[in-house]
Amino acid sequence: MHSTPAPQVGTDTPPRGWWWKALIGGAVLWIVTAAVTYGTQNTNLVPTVILLGSFLVPFCVVLYVVEKAYGTIDTLRLFAAFFVGGIFGVLGASILESHLNPSWWIYVGVGAIEELVKAAVFLVVGMAVLPKNGRQGALLGATVGAGFAAFESAGYAFNASLTRLGQIDLTALLETEAIRGLLTPVGHVLWTAILGAMIFRAASPQGRYRFTWPVLGAYGLVLGLHALWDSMSFIAGYLAIKITGGVHYVLAYGQLLPTAADNAGRISTVIYVIGLALISWVGVVFLRRWARDQQVVPSSGTSPSTR
């Protein structure tokens with residue numbers, strides 16, 4: 001009589017499905033927490049709502065990356081890139097952006113600073129990653145971008161919850177978190193993944209960074225996508241007014257004033273959504289192209305600086 005072999009315990013198998021299970025479970029927890037906060041009007045629960053809503057989608061992005069990068073990028077390094085990278089990213093961006101003055105170029109300035117800070121974090125956490133190729137760079141870049149998005153969204157949610165009278169506007173808080181959560185994968189996550197893919201593609205076979213013209217071009221691309229994304233509300237409002245015609249208005253910080261919104265709000269919304277969709281599509285196209293495994297080995301004389 002033959003006995004059945006006992007199942008193996010502790011086998012080194014890659015994780016499967018963590019990200020979508022966490023996304024569903026976290027969304028349920030967020031909804032329940034928001035409902036309890038509404039029902040009890042207990043402001044002590046507001047930080048829980050902010051943290052859960054702001055970190056849910058970005059953290060699920062990290063779980064997705066852990067699954068895809070299993071065995072090639074250390075899991076602890078990915079979580080460090082998310083938390084430490086996210087904190088230093090928003091701190092660095094905040095310090096540099098404090099010197100910006102309101103102007104037509106503020107969107108370019110913000111995009112340049114935030115993408116530069118995230119790139120610096122990426123370079124540090126990715127230094128020891130081997131091999132360096134487009135796929136690995138995209139996965140690590142997505143993690144750094146997710147960390148930045150999580151901490152930034154928490155700040156936006158906190159500001160949205162405050163009213164002029166010092167009260168808590170829970171509706172505005174939840175709307176902000178829901179919108180930013182839905183857009184997270186095609187925002188900071190996508191932009192940093194694009195730049196990370198090209199940085200790793202241009203690296204030497206030994207893993208040393210090489211700052212080639214394609215890398216600078218990738219930085220210019222994500223800067224442009226970021227600036228267009230941030231300025232799309234301004235662009236949509238301007239085009240809506242031009243389409244409707246005959247309305248005198250003033251644009252403040254990229255948002256339509258009430259008078260103009262009453263006349264052209266619907267057209268502005270349509271243009272805004274289409275604009276974000278086009279920006280996201282362009283980013284996804286470049287990411288799919290550059291996230292392939294093969295490296296780009298620049299010929300001599302093509303690099304502005306080599307390290």
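Isoleucine 50 is found in helix H2, where helices (H or I, at least four residues) and strands (E, at least two) are DSSP runs numbered from the N terminus. It makes a friendly starting point for a first look around. The model is predicted, so local features need pLDDT of at least 70 and side-chain atom pairs count only at pLDDT 80 or more, while totals for chains, interfaces and linings use all residues. Residues are numbered from 1 along each chain as its sequence is written, and side-chain values use heavy atoms, leaving out hydrogens and water.

With a relative accessible area of 8%, isoleucine 50 is buried; buried means under 20% relative accessible area, exposed over 50%, and partly exposed in between (1.4 Å probe, protein chains only). Leaving aside neighbours within four places in sequence, isoleucine 50 is in contact with Ala154, Ala157, Phe158, Leu173 and Glu177, contact being heavy atoms within 4.5 Å. Phenylalanine 158 lies 108 residues away along the chain, yet its C-alpha atom is separated from that of isoleucine 50 by 7.0 Å.

**The whole protein**

Stepping back, the protein has nine helices and four strands, in the order α-α-α-α-α-α-α-β-α-β-β-α-β along the sequence. Of its 307 residues, 44% count as buried. Among contacts between residues at least 6 apart in sequence, 76% join residues at least 24 apart.

**Helix H5**

Helix H5 covers residues 134-161, and its 28 residues reach 40 Å from first C-alpha to last, close to the 40 Å expected at 1.5 Å a residue; the expected span is 1.5 Å times one less than the number of residues. Because 21 of the 28 residues are buried, H5 is largely enclosed by the rest of the structure. Asparagine 133 caps its N-terminal end, with a side-chain oxygen 3.2 Å from the backbone nitrogen of arginine 135.

**Nonpolar cores**

A nonpolar core is a set of buried Ala, Val, Leu, Ile, Met, Phe, Trp, Tyr and Cys residues joined through side-chain atoms within 4.5 Å. The largest one has 47 residues, and Leu140, Ile194 and Ile199 have the most contacts inside it. Elements giving two or more residues to this core include H5, helix H7 (188-201) and helix H8 (213-244). Its largest share, ten residues, comes from H7.

**Helices H3 and H4**

Two packed helices are described by the angle between their axes and the distance between the axes. The axes of H3 and H4 come within 9 Å and cross at roughly 145 degrees; axes are lines fitted to C-alpha atoms, for helices over the stretch in contact, with angles running from 0 to 180 degrees between N-to-C directions. Residues of H3 that meet H4 include Gly85, Gly89 and Gly92, and their partners in H4 include Val117 and Val121.

**Lysine 118**

Lysine 118 is found in helix H4 and, at 1% relative accessibility, counts as buried. Leaving aside neighbours within four places in sequence, lysine 118 is in contact with Val144, Gly145, Phe148, His188, Trp191 and Thr192. Its side chain also makes polar contacts, listed below; a polar contact is a pair of N or O atoms within 3.5 Å, where within protein one must be able to donate a hydrogen and the other to accept it, and residues adjacent in sequence count only if both atoms are side-chain atoms.

| Side chain | Partner side chain | Distance |
|---|---|---|
| Lysine 118 | Glutamate 115 | 3.0 Å |
| Lysine 118 | Threonine 192 | 3.0 Å |
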